[in-house]
Amino acid sequence: MMQHTNHSQDTDMAQIVVIGAGVIGLSCALRLLRAGHQVAIVARDFPTPFETATGAAINYTSLWAGAHNRWNLPTTPAEEREHAMARRTYAHMRRLVETNPECGVTFTTGIEYFEDPPEAYRALDARRAAELGFEAFRRHAPDELPEGVALGFEYRTWCANPMVYCMFLLRQFCLAGGTTAVAELRHPHEVFAMDPYRSAAAVVNCSGVGFGDDPAVFPTRGQTCVVANAVSATVTRQNADGSWTFAVPRGFDGGTVIGGTKEPDDWDPEPSPEVRARLLDRFAATHPAVLADGPYRVLRDIVGRRPTRRGGPRLEAEAFGHRRVVHAYGLGGRGYELSWGVAEAVLALLE
């Protein structure tokens with residue numbers, strides 16, 4: 001059964017239906033609405049406050065994300081495209097915190113550490129960083145590096161409290177005249193057989209993992225821990241064994257996310273106490289300031305399934321009779337940092 005929420009416009013007038021209310025779906029829906037389209041969001045899950053969110057939403061990963069911008073150095077055409085999307089998102093976030101400081105986004109310092117840095121990172125200097133859009137780039141001196149780290153640098157970046165930010169996007173969408181409906185769909189084409197969307201001109205598939213018909217899609221399990229301890233920067237350490245140690249301050253009283261794991265094709269929904277202990281110990285060794293005000297105060301363990309796709313995200317349009325279906329899913333752990341670049345691409349595919 002589908003539950004509708006009507007706002008200032010009539011759902012019969014929806015020209016475009018966006019499937020999914022994660023960060024990609026919300027960003028696309030709001031961008032399309034502001035471009036003059038009449039838009040509805042149909043989704044199984046919508047944003048909820050951190051305090052009431054449950055593990056049952058393990059597949060609604062936008063609420064559990066670290067939600068920050070970490071610059072990835074592009075070395076291929078596909079990576080160049082994603083980097084351009086990240087730069088669009090960065091510019092959008094910079095404008096947003098000026099116009100809507102309540103949005104849940106905070107600008108801060110981002111710190112990167114590498115135990116065994118790839119050559120592209122070894123060669124990164126201020127000139128190249130500026131070309132790539134880095135602001136306030138600074139390479140760390142050897143005496144600033146934690147034990148075992150061969151390279152470190154910092155730059156200006158943004159991070160978000162995902163619950164605050166996603167609820168902000170949803171409210172902006174509804175206030176601007178968008179409509180919502182709660183439903184669990186089995187295929188994008190199903191929308192065209194649903195009242196009141198039978199006359200919709202297009203569907204945008206922001207379902208995260210697709211609908212089970214894309215063999216390139218797989219889940220990447222990630223375990224993190226939210227603590228009350230504060231950190232003043234996002235900190236990411238790439239370990240020589242391929243694992244990661246990181247922390248992202250959520251801001252807006254959201255605590256700090258410490259992680260993390262990347263486990264492809266792992267469906268285990270339960271957090272591991274042993275993994276939690278390892279994550280917290282590793283980060284304290286990298287960034288002792290996290291314990292400056294006392295031991296860790298754990299708020300909760302988090303397990304999320306990042307919707308990942310071999311070959312990169314699917315971002316393309318296909319015809320369905322005289323209508324159009326645009327696919328925008330499979331971004332893995334980069335949904336937030338690419339979100340507004342993806343929204344611009346979806347708008348271009350529709351127009």
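Analyst: Start with Arg 221. Leaving aside residues up to four places away in sequence, Arg 221 touches Thr 261, Lys 262, Glu 263, Asp 266, Asp 268, Glu 270, Pro 271, Ser 272, Val 303, Gly 304 and Arg 306. Contact here means heavy atoms within 4.5 Å. This is a predicted model, where local features need pLDDT of at least 70, side-chain atom pairs count only at pLDDT 80 or more, and totals for chains, interfaces and linings use all residues. Residues are numbered from 1 along each chain as its sequence is written, and side-chain values use heavy atoms, with hydrogens and water left out.

Arg 221 sits in strand β9, residues 217–227. Strands (E, at least two residues) and helices (H or I, at least four) are DSSP runs, numbered from the N terminus. The relative accessible area of Arg 221 is 4%, so Arg 221 is buried. Buried means under 20%, exposed over 50% and partly exposed in between, with a 1.4 Å probe and protein chains only.

Two polar links stand out. The side chains of Arg 221 and Gln 223 make a polar contact of 3.5 Å. A polar side-chain atom of Arg 221 also lies 2.7 Å from the backbone oxygen of Glu 270. A polar contact pairs N or O atoms within 3.5 Å; within protein, one must be able to donate a hydrogen and the other to accept it, and residues adjacent in sequence count only if both atoms are side-chain atoms.

Ser 339 belongs to helix α7. Its relative accessibility is 0%, so Ser 339 counts as buried. A polar atom of the Ser 339 side chain lies 2.8 Å from the backbone oxygen of Tyr 336. Not counting residues up to four places away in sequence, Ser 339 touches Val 23, Ile 24, Ser 27 and Thr 89.

Next, the backbone. The peptide bond from Asp 195 to Pro 196 is cis, with omega near 10 degrees. Pro 196 is in the loop between β7 and β8. Another cis bond joins Gly 259 and Gly 260, with omega about -10 degrees. Most peptide bonds are trans.

Finally, confidence. pLDDT is the predictor's confidence in each residue, from 0 to 100. Its mean over the protein is 92, and 94% of residues reach 70 or more. Over residues 6–13, pLDDT stays under 50. Where pLDDT is low, the predicted coordinates should not be read in detail.
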